[in-house]
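Me: Could you take a close look at the surroundings of the ligand for me, and then walk outward into the sheet and the core behind it? I'd enjoy one connected explanation.

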Amino acid sequence: MRLGFRCWRESDLPLALGLWGDPQVMKFIDARLTLSGREVKELLEKHIKFQHEAGIQYWPIFLLSSGEHVGCCGLRPCGADPGTREIGVHLRRKFWRQGLAEEASRTVIAYAFGRLGLNALFAGHHPENTVSPVLLTRLGFRYTHHEPYGPSGLLHPSYLLENSLR
Ligand SMILES: CC(C)(COP(=O)(O)OP(=O)(O)OC[C@H]1O[C@@H](n2cnc3c(N)ncnc32)[C@H](O)[C@@H]1OP(=O)(O)O)[C@@H](O)C(=O)NCCC(=O)NCCS
């Protein structure tokens, strides 16, 4: 295991800017592409609020060997059913293609189905994102349908992973 997780803090704005302030990272996850400092702060506050209200967020992740900030990976509310959450992973460019998204996602899935006892995880991605389907399939997610996604105005492929421990 190369990664450590913790919760976002308000003082993490410089880390959040290093991640969500990069248009290459945001290319398929936010239609605004280039987020202002204030928009990154709002995103950080949103994830801090998810943790207070639902005990989940896209937790910041760090290399255990050096303490370097790698990105975030975690869960967020998704629809009305509290037994289903959405998984997401965003990495700084420097850490792409090292198997870290897969490693972080596997840790989050184990936490979601073990400790949190969730029934299922949902995932969706921008239709032009060719990496997410590979990663999601490798993690055991199955494609279910395309659904409209407000922020992009496009139909996004959707996936589900059910809790086999239940
Ligand atoms: C998508 C993202 C999380 C993938 O992270 P990653 O750590 O590079 O992924 P992994 O190294 O675990 O790769 C898993 C597999 O995905 C595929 N893959 C990853 N990056 C790829 C690329 N640039 N091109 C083609 N295939 C790729 C490979 O099959 C890879 O396995 P392999 O290296 O053994 O061949 C990362 O690129 C990212 O943070 N992008 C910006 C945010 C984003 O789009 N998140 C997804 C939102 S749904």
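Reply: Happy to! Three elements, β4 (84–91), α4 (100–113) and α5 (131–138), each give at least two residues to the shell around the ligand. Please keep in mind that this is a predicted model. The largest share of that shell is supplied by α5, with four residues. In total 19 residues surround the ligand, and the closest are Leu91, Trp96, Ala101, Glu102 and His125. By residue type, the shell divides into eleven nonpolar, six polar and two charged residues.

Now for the stretch that joins two of these elements. Arg97 lies in the loop between β4 and α4. Its phi is positive, about 65 degrees, although Arg97 is not a glycine. Arg97 counts as exposed because it has 9 C-beta neighbours inside 10 Å, and the cut-off for exposed is 12 or fewer. Another residue with a positive phi is Leu33, near 60 degrees and likewise not a glycine. Leu33 sits in the loop between α2 (23–26) and α3 (37–54), and it is exposed too, with 12 other C-beta atoms within 10 Å.

Let's follow β4 into the sheet. The sheet is open and has seven strands in the order β1-β2-β3-β4-β5-β7-β6, with mixed pairing. β1 (3–5) and β6 (142–149) stand at the edges with a single partner strand each, so one side of each has no neighbour in the sheet. From one strand to the next, the twist averages 30 degrees. β4 pairs with β3 (residues 69–77) in the antiparallel sense, over seven bridges. Within that part of the sheet, Cys72 has His90 of β4 as its bridge partner.

Helices lie across these strands. α4 lies across β1, β2, β3, β4, β5 (120–124) and β7 (154–162), and runs at about 155 degrees to β4. Helix α1 (residues 13–20) lies across β2 (58–63), β3 and β4, at about 90 degrees to β3.

The largest nonpolar core holds 31 residues, and Cys73 and Ala104 have the most contacts inside it. Its largest share, five residues, comes from α4, a helix that also supplies at least two residues of the ligand shell. Leaving aside residues up to four places away in sequence, Cys73 touches Tyr58, Trp59, Ile61, Val89, Ala104, Ser105 and Val108.

Note on methods: Residues are numbered from 1 along each chain as its sequence is written. This is a predicted model: local features need pLDDT of at least 70, side-chain atom pairs count only at pLDDT 80 or more; totals for chains, interfaces and linings use all residues. A residue is near a molecule or strand if its C-beta atom, placed from the backbone, lies within 6 Å of it. Ala, Val, Leu, Ile, Met, Phe, Trp, Tyr, Cys and Pro count as nonpolar, Asp, Glu, Lys and Arg as charged, and the others, Gly among them, as polar. A nonpolar core is a set of buried Ala, Val, Leu, Ile, Met, Phe, Trp, Tyr and Cys residues joined through C-beta atoms within 7 Å. A residue is buried if 20 or more other C-beta atoms lie within 10 Å of its own, exposed if 12 or fewer, and partly exposed in between; C-beta atoms are placed from the backbone. Two residues are in contact if their C-beta atoms, placed from the backbone, lie within 7 Å. Two strands pair if DSSP finds at least two bridges between them. Axes are lines fitted to C-alpha atoms, for helices over the stretch in contact, and angles run from 0 to 180 degrees between N-to-C directions.
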